[in-house]
Amino acid sequence: MNHFKGKTLSWKASGGVIELVLDRAPCNEIGSAILAELEQFVGALKSLEKESHAVIISSARKEGFCAGADLRELFQRAQPLQAAERVSSVRDFLVRIHAVMNALDAAPLTTIAAVHGVTFGGGFELALTCDLIVADKMTRFCFPELRLGLIPGFGGIPRLKRDLGNAVVRDLLLTGRSINAVKAQAVGLVSQVTAEGDALRVARTTAAQLSKFDRETAIAAKRFIKPIPHEELRREIEIFCDLFTRPAVEAGLRKFVESSDALPYLP
């Protein structure tokens, strides 16, 4: 199947490029609904990749690329009375999302995230699975999880450590503050910064350029320069699950879900 339109995302393959577009109100929060359709996409890649050389991931939401995990759904996972039930529920979800993220990370295609606006938490982690990040100048990147008593849980820190220096990783993780696209390019996170609203066009131009190169050479180069940090990713799940049972986490999630702010995920 070279095209799909679901409730939270869509994809199509044309001219050797697969475009995956996130579209779930308000800002593509990653919960069970998006995860299920991302799993469908990863399954479809097995056949799509045979006639393709690139994947572009973008968002149809004006608010941004992705605000991160669906914290309202995560709050519901924190409600069972027994700690073991809470851990089991969140672990199952994390194992599934890690499988999707790892598949995107290791895909034998060149993957490009075309991002704009809010690119926070799990959305930032999704972008980090891609080989290249093209960001419009209004993009902001952030890991706000410490405000909830958690660490990023979708593989973000191991991937960020793979790609950037420790000073940047620690700043993003421990302060929770956001950085803009220009700063992200300066530290090596973003490959191209575009005018506002132009990230997808530039990503498409980049994908077209990639078609000029030998496919097998590109695959070999990617495998060489982009190892998957499997052991650290497994440790991340364990740390997240240990933290998830703490009262501070439920309190942080409750504060979020009860907020009357229009965009409570903003710093």
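A: Helices (H or I, at least four residues) and strands (E, at least two) are DSSP runs, numbered from the N terminus. The structure is a predicted model, in which local features need pLDDT of at least 70 and side-chain atom pairs count only at pLDDT 80 or more, while totals for chains, interfaces and linings use all residues. Residues are numbered from 1 along each chain as its sequence is written, and side-chain values use heavy atoms, with hydrogens and water left out.

Q: Which elements give two or more residues to the lining of the second largest pocket?
A: A pocket, on a 1 Å grid over the protein atoms alone, is an open set of points where a 1.4 Å probe fits, with protein on both sides within 12 Å along at least five of seven lines, and its lining residues have an atom within 4 Å of a point. Here β8, α5 and α9 (215–225) each give two or more residues to the lining of the second largest pocket, and α9 gives the most, with four residues. The lining counts 18 residues, of which C130, D131, L132, I225 and K226 lie nearest the centre of this pocket. Its space is about 400 Å³, where a volume is the space filled by probe spheres set on the grid points, joined across faces, edges and corners.

Q: What is the order of the strands in the open sheet of seven?
A: Strands of a sheet pair through backbone hydrogen bonds, either parallel or antiparallel, and two strands count as paired if DSSP finds at least two bridges between them. In this sheet the order is β1-β2-β3-β4-β6-β8-β11, with mixed pairing. At the edges stand β1 (3–5) and β11 (192–194), each pairing on one side only, and from one strand to the next the twist averages 15°. Within the sheet, β6 (residues 110–115) and β8 (residues 132–136) run parallel and are joined by four bridges, with V115 standing opposite A135 in β8.

Q: Which strands does helix α8 touch?
A: Contact means heavy atoms within 4.5 Å, and angles run from 0 to 180 degrees between N-to-C directions of axes, which are lines fitted to C-alpha atoms, for helices over the stretch in contact. Helix α8 (residues 199–210) packs on the sheet and touches β3, β4, β6, β8 and β11, its direction making about 165° with that of β6. Helix α1 (residues 32–48) lies across β1, β2 (9–14), β3 (17–22) and β4 (54–59), and runs at about 15° to β2.

Q: Which strands stand at the edges of the open sheet of four?
A: The order in this sheet is β5-β7-β9-β10, with mixed pairing. The edge strands are β5 (64–66) and β10 (179–180), each with a single partner strand, so one side of each has no neighbour in the sheet. Two bridges join β5 to β7 (residues 118–120), and these strands run parallel, with G64 opposite V118 in β7. Helix α4 (residues 121–128) lies across β5, β7 and β9, at about 85° to β7.

Q: How many aromatic pairs does the structure hold?
A: Rings of Phe, Tyr and Trp (its six-membered ring) pair if their centres lie within 6.5 Å, and planes under 30 degrees apart count as stacked, over 60 as edge-to-face and the rest as tilted. The structure holds six such pairs. One of them, F4 with W11, is stacked, at 4.5 Å centre to centre with 20° between the planes. Both F4 and W11 are buried, where buried means under 20% relative accessible area, exposed over 50%, and partly exposed in between (1.4 Å probe, protein chains only).
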